Structure formats: C-alpha cells, structure tokens
Amino acid sequence: MAGASWDTSRYLSLFAGEASEHLEALGKDVVRLEQGATVALVDSMFRHAHSVKGMASSMAFEATAKLAHRLEDLLDTLRADVAKVNQAVADVILQTVDALSAHVKAATQSQPLPDSTALVVRLSELNAGLKGVPPPPVSAPPPPPVPEAAAPPAASPSGVVAVDAAAPPRFALKLKINPASNQPGVRGFLAYKRLTTLGNVFELKPPLDDIKAGRVPQGAVTLELETDQSEESITRTMRTVADVELESIGLVQRAPPPPPPGAEADRVVGQEPARTIRVRTELMDQFLDHAGELLLATARVRQIARGMPEALRPPLDESVDRLHLLVKGLHDKVMQARMTPLALITDRLPRAARDIARRRSRDVELVITGEDIELDRAIVDELADPVLHLLRNAIDHGVEPAEVRKAAGKPPKGKVALSVTRQRDRVVLELSDDGRGIDVERLKVLVVERGLMTPEQVRGLSERETLMLVCLPGLSTATDVTDISGRGVGMDAVKRVVEAVGGSLEIETRAGRGTTFRLAVPLTVAMVNLLLVGVGDEVYGLPIGKVSGVVETARGRLALSQSAPVLQWGQSVLPVHELSSLLEVPAGPASAVASPFVVVDSDEGRVALAVDRLLGQEEVVLKALARPLDLVPGLAGVTILGNGRPVFILDVARLVTA
Amino acid sequence: MAKKVLVVDDSVFMRDIIKDIFAAGGFTVIGEAGNGVEAVEKFKELKPDLVTMDLVMPYRNGIDATREILRTDNKALVVMCSALGQETMVMEAIEAGAVDFIVKPPRAEDVLAVVKKVLGEA
C-alpha cells in the first residue's frame, strides 16, 4: 500500500490537523442535521467523510479509511434521500465521528488504532437497511453508488484525488496572468471558463472566488483539468485567451496515491506560491517576541541618542524614527498574522451543547453570532476553556427542564446565545441563557455558610459585587450540586483566565429570566498601557485599564476607619494599601505635602494604593514571566523601559489579596 | 480576407474610436449598433466574424444581447467592452458566453491583441 513506498511520518501532524478539522466540521454538521436535514448539509458531511477517508488511506491507516468509507457510503445514501435522516442515524454518525477522532488521536501518538469493527458493521447494516426501503415501483431503482467515483467534482477539497482508472486523463496546468493586464481577476476567470469547456477543473488555486476578486499572487494560477482532449488541444485553446500564458502542462500521475494535503507542492508541477501556509504557534510566539524585543531595543537606542552631542542628534533621531516606524510596522504585521477568528473555538460549541443538553435531558438551542471576529491567537486559545465552562454552566444550571419551563410560561426549548462583538479595541463575548437566573439571596447565604465572608461583609455588597461571588474559589470547589454552587464550577478559573489576558468579566442576572456572562478581552495581549509608579528605589507598572484615577493628598490628612487609613473617593471611602508593604519593599521617605494615591480595581473591590512617585504613562510590550517568577502572586509580567530598565507589571486584581 | 466586425456601443464617440482601431488593424467594420436590440438584429442580418459589445446600453444591455446572439449562433464570438470597476458584470457576460473582453478606454494594441487571440490569428 501507499505507506510502504514513502515515508508517511513527516505528514503525520498535517494529517492529524486536517483530519481533525474535517471531523470537527462534520460533528458540527450533525448537530445542524438534527435541526433539519438538507441536501447541502449532507453533501457537506459527505465531503468531510470523503476527505478523511482519502487522507487516512494515503497515510495507510486502513482501519481509519475503512470506517470513514462506511460513513461516506451511509452519507451517500442519505443525500439521495435526506428524509431518511433521523435521531438514530444522527447518533450513529456522531459515534463514528468520535471513533474517527479517536483513531486520529491514536495515530498522532503512534498508538495502535482502536478496534472499530463493530461500528463498521453497524454502519454497513444501517446503510443496507436504509437502502432496503423499496423505491416506488414506477421509478427505476438508482444505480448502486460506486464508492470512489461517488465524489462529485467539487468534493475533493483537500487535494485527495480519488483513484479511478475509468476517469479521463488529468492534466496539471500552470497559468500565468500577465501582471500588466487590465482586470487580472476577470482574465483569470476567463481562462477558467475557457478550460471548463474542455473538461472538469479540480484543485484550482487560488480558489475561484479569489481569482474573480483579482487576488492572484504573482498572477500564478494552478489547476488540474480532467479531460478527454489532447494536450495540444488544451494548449491551442489557451492560446486564444489574451494575457494568460500556459506556463506548463503535464499529466497527473495517479498511482501511487498522492501525498496527503499540505504536500501539494510536491505533486503539482513546479513550485507555485502558496496562498496560505501553516505556521507552528510557537513560531508565531517567537516572531512576536522578537518583534517586541526590537521595539524595546529601538526605544533604548532612542534613549541613548538623547545623551549625544547636539550636532549628532538630527541625523541620529531621524534614523531612529525611521527604525522605529519599520519595527512598529513589523510588529503590527506580526500581530496581524496572529489574528484568528473566534470560530476556532466556537465551532466546537454546537457539538458540546448538544452533548451536554442530551446528558442533562434538556432541550436547548445554541445560537452563535459574530464568530468570524478575529483576535490574537493566544487569547483565542485561552478563551476556549472559559467559554466551554460558561456554556456548560448555562445548560447545566441555567436552562430549566422543559416541564419547569412550561410551568413558568416559557417555551420548552431553552435558548443559549453566544454573541461576539467588537467594541473598539476590545472583543466582547456575551453568553446568555433564558434560564432561571442566579438566586442572589441564596448565593449570599451560601457564601456565609461556607465561611467565605461574614454576614456583615455580604450585606455591604452591591448586586454586581454579589454576583461576582460565584467566582470565589471556595465556591467553585464546592462539590455539592446545588444550583448555585454548580454555577461556581470553574468560575474562578474563568475569571482568572480572562483577567490574565487583560480582560474583564461581568455577570448580569434576572430571576426567572436568565443570566448573561460578559467577557471583554483585548484584541491583542502583547501591548499594554502602563502607569509607572515609583516605590522607594523601585519602579512598577500598573495596567491603565485597572486604574480608575489618581489622588494627591498628604498622608497625614487621610481619614481613619477602625484605625486603618481610608481615602475619600467621590461618594465612597476606599481602603488604603501601601504598595511598599504589599510588595514587601522599602518605601521612600513620605512627603509631608502630598503623596500620590492610585485608585485601582482589585478583586477586593476598589482600593487606593499609596505610592511614592508617579512616573508617567508608557505603552510597553508585555513579556510573560518565566519560572519561578510567574509563581509570585501579584506579578502579571515584565517589560523593559526605554532606559533599559526592567519593570514588573503588577497583577492589580490579586495584588491586595496576595 | 479581412474579418468582419460588428461594433456595438451606445456612444457614437466610442464606436468611432473602436472603428478606427479596427480599420488600422486591417479589419472590416461591417456594421454598428447603438443598443442591445439593434445589436441582435444587425448580428442576424450581417453575420459578422466578431462582435464588440458594450456592457451598459439602453433597451437591452450587453449581457442580454450577448445571450440572445449566442442563442442565434452558439459559435458567435462576442468580446465585451467594459470600464474598470465593471468586473462583476464582465464575469456575468463571460458566463453568458462572451469569449473575451477589452477595457475602456480602448487602446489599439490591446484591442487588436485580444481580437486576434479570439480569432485564433495570434
């Protein structure tokens, strides 16, 4: 088989990545299937199964290929008559998707493939049963599907060419659109149309929509043409298209099977420019790291230039300005390259919602909007678990059982909505359910019962603060499954993650009407605006997003409450914390006239931090802390200022509790 | 023998420019039309080797006229004349069967290069 003749191991991660994407999409399709089967939907599922089969077979994972093949057969039957889709069928399809995922996982870890014989048999039986439904006597029975040739022309999205000896020859063509031509997009489209008069076009790169829009890098177009025409005839036809040159043409070798996707460059004649490339995430992190370092180094050079003799300054400054612009441009491009649509995580949610809802016997509809909004890959990755937690909570503890809903005069089917919106430089994810809401009074009782707060403390809380109690670690680890404590499962983790990426969490609830969790996160992690403060000889950065304001007043004029100093802030009175004591560093001599107090929002609510000096504001590149510094509570990261001085960025939220 | 061309455009000025280009290139302009309806009639009457077709015209636009001409003769060679920014319409015309396109304002060498390609003379 194919695996014997060439080394498949170098394609393994590509195989795993693409196969998982197909399986995830397939799982998502199954969920939509339950809302109504359409031919287009089943077609899409068929294509995914077909792709997985082709890839697995190219990798010589025979058991995987076989399972995918049976699934493909079943889907082929279903797309001929979508009315045959029912719950039982959907369940078997999902089961197969899970099994295939397990295969892919095992393959990735070089483990033996799981035994799926029973499932293969189940699929075959199910398919036979579905096909066995006799067609109306008048119409001729449809011809039995020919498995490999059953793929429609467009069903080869991942570059897998079905091996079919009966198909006409296939040519690989490389075209070049004259870059000086008017409307290169239309030129490319014209060439494509002309070729379709000769046969079927496959593997068109760039995709047709890109060509039509004129997005043809270097004017290069590659494709495969399946046709009965001779090479001369193709060449002659292409000669009638102005401004498009046929650079090369050659027969596509069909056996042995082509390498899996990702290796297209080996297969199609010549080296065509790829439209997208896959880059390992760590590499993207390193790019960003280096671009960030460059920014810092530039700032450092600028600082040094300030100390140079006046005569040298203008050309030096000019060069530094130019360097800064270039580096900033590079940094922006790297940031841009890291942008990933949230669909990366939301695509899994319909499937997850379905599983949770079925397990809890709930009827829930999940509506996702705005998933195409992009943000930094690092943040997208971080949000995956919190969003899943929130979804699980919404279905587990928010949405009531159908009878309860009916009794409350609500539609029996619960609704959970995830809406993603872009608000200036933030992305806001709102997950809301129309369930029972959080019982604020019971929450307060529970917090006191668990000894997390005193009754007095609880009484002093605003509604907003009370709701945030669900994020208390003590509540989240509660093992009993009361509706309220259930809400707390993982909520402290959710809050922690959201804040770690520089975001914030808000909760709104209406008794009997539902709950909304609002996550506001920055588009990117790496740049942060700091307020620099001095304590003794040290300088620290406070993220501006957490700073509510600054007050200057003499320490001696602070009021006292229960012998602790407090600061008058608008209508309220804030506890004052010495930053030097929180950080356990020596403070400078306190000024008798006026000391600055920075008002920040911490986990404990709003507090005033007493500092020695305010040193201004600076936009810096946030660098994560390496071990063991990342374990120090109260530190969020580090940066290097223009003067070369490293500065710790404080984790304001946890500074006071730390 | 010189190839026969039918020039369709609602602008007389534009027709003149195109006619001059063809004359200089050794083609015979056997007729012209100012709208899509006229274009179809002239095509049936004159049986040209090639038609240059404006996209936007009164009564019947160039795409509809192209479709109608191809219904009459499925081997007809229709080259669209378009302006920049009309890419979508040109592609619609190509879907309808137009074999190529030239972009206004027409430059002699571009027009002749396209037309010769289409006629298999290049």
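This is a predicted model: local features need pLDDT of at least 70, side-chain atom pairs count only at pLDDT 80 or more; totals for chains, interfaces and linings use all residues.
Chain A contains 24 helices and 22 strands. Of its 658 residues, 46% are buried. Among the contacts in chain A with a sequence separation of 6 or more, 70% link residues 24 or more positions apart. The accessible surface of chain A comes to about 32,000 Å², and carbon and sulfur atoms contribute 54% of this area. K105(A) is part of helix 5 of chain A, which spans residues 87-108. The relative accessibility of K105(A) is 54%, so this residue is classed as exposed.

The size of an interface is often expressed as the accessible area lost when the parts come together. For chain A and chain B, the buried area is about 1,400 Å², of which 61% lies on carbon and sulfur atoms. On the side of chain A, the greatest losses of area to chain B fall on N182(A), Q183(A) and V186(A), which together account for 36% of what that side buries. The contact involves 13 residues from chain A and 19 residues from chain B.

Two salt bridges are found across the interface of chain A and chain B. In a salt bridge between K193(A) and E95(B), the closest N and O atoms lie 2.8 Å apart. Polar contacts between chain A and chain B number five residue pairs, counted with both residues at pLDDT 80 or more. The main contributor to the side of chain A that touches chain B is helix 7, residues 184-196, which supplies six residues. By residue class, that side of chain A consists of five nonpolar, three polar and five charged residues.

R187(A) is located in helix 7 of chain A. Its relative accessible area is 3%, which is under the 20% limit, so R187(A) is classed as buried. The side chain of R187(A) comes within reach of the backbone oxygen of A242(A), at a distance of 3.1 Å. With residues up to four places away in sequence left out, R187(A) touches residues of chain A including I177(A), S181(A), N182(A), V241(A), A242(A), D243(A) and V244(A). In chain B, R187(A) touches D100(B), F101(B) and V114(B).

Helix 4 of chain B covers residues 87-96, and its buried residues are V90(B), M91(B), A93(B), I94(B) and A96(B). These buried residues pack against elements of both chains: helix 7 and helix 8 (208-212) of chain A, and helix 3 (62-72), strand 4 (78-82) and strand 5 (100-103) of chain B.

Over all chains, the structure contains 43 salt bridges. In chain A, K205(A) and E203(A) form a salt bridge in which the closest N and O atoms are 3.7 Å apart. The two partners fall into separate accessibility classes: K205(A) is partly exposed at 30% relative accessibility, whereas E203(A) is buried at 14%. Another salt bridge joins K444(A) to E441(A), with the closest N and O atoms 3.9 Å apart. Both K444(A) and E441(A) belong to helix 17 of chain A, residues 440-449, where they are three residues apart, about one turn of the helix.

In chain B, a salt bridge connects D64(B) and R67(B), and the closest N and O atoms are at 3.2 Å. Because D64(B) and R67(B) are three residues apart in helix 3 of chain B, about one helical turn separates them. D64(B) is partly exposed, with a relative accessibility of 34%, and R67(B) is also partly exposed, at 33%. In chain A, salt bridges with shared partners connect D91(A), D98(A), R351(A), R354(A), D355(A) and R358(A) in one network.

Technical notes
Residues are numbered from 1 along each chain as its sequence is written. Chains are lettered from A and ligands numbered from 1 in the order in which they are written. Side-chain values use heavy atoms; hydrogens and water are left out. Helices (H or I, at least four residues) and strands (E, at least two) are DSSP runs, numbered from the N terminus. Buried means under 20% relative accessible area, exposed over 50%, partly exposed in between (1.4 Å probe, protein chains only). Contact means heavy atoms within 4.5 Å. Accessible areas come from the Shrake-Rupley method with a 1.4 Å probe; for residues, only the protein chains shown count as cover. Buried area is the accessible area (1.4 Å probe) that two parts lose on being put together, summed over both. A salt bridge is a side-chain nitrogen of Lys or Arg within 4 Å of a carboxyl oxygen of Asp or Glu. A polar contact is a pair of N or O atoms within 3.5 Å; within protein, one must be able to donate a hydrogen and the other to accept it, and residues adjacent in sequence count only if both atoms are side-chain atoms. Ala, Val, Leu, Ile, Met, Phe, Trp, Tyr, Cys and Pro count as nonpolar, Asp, Glu, Lys and Arg as charged, and the others, Gly among them, as polar.
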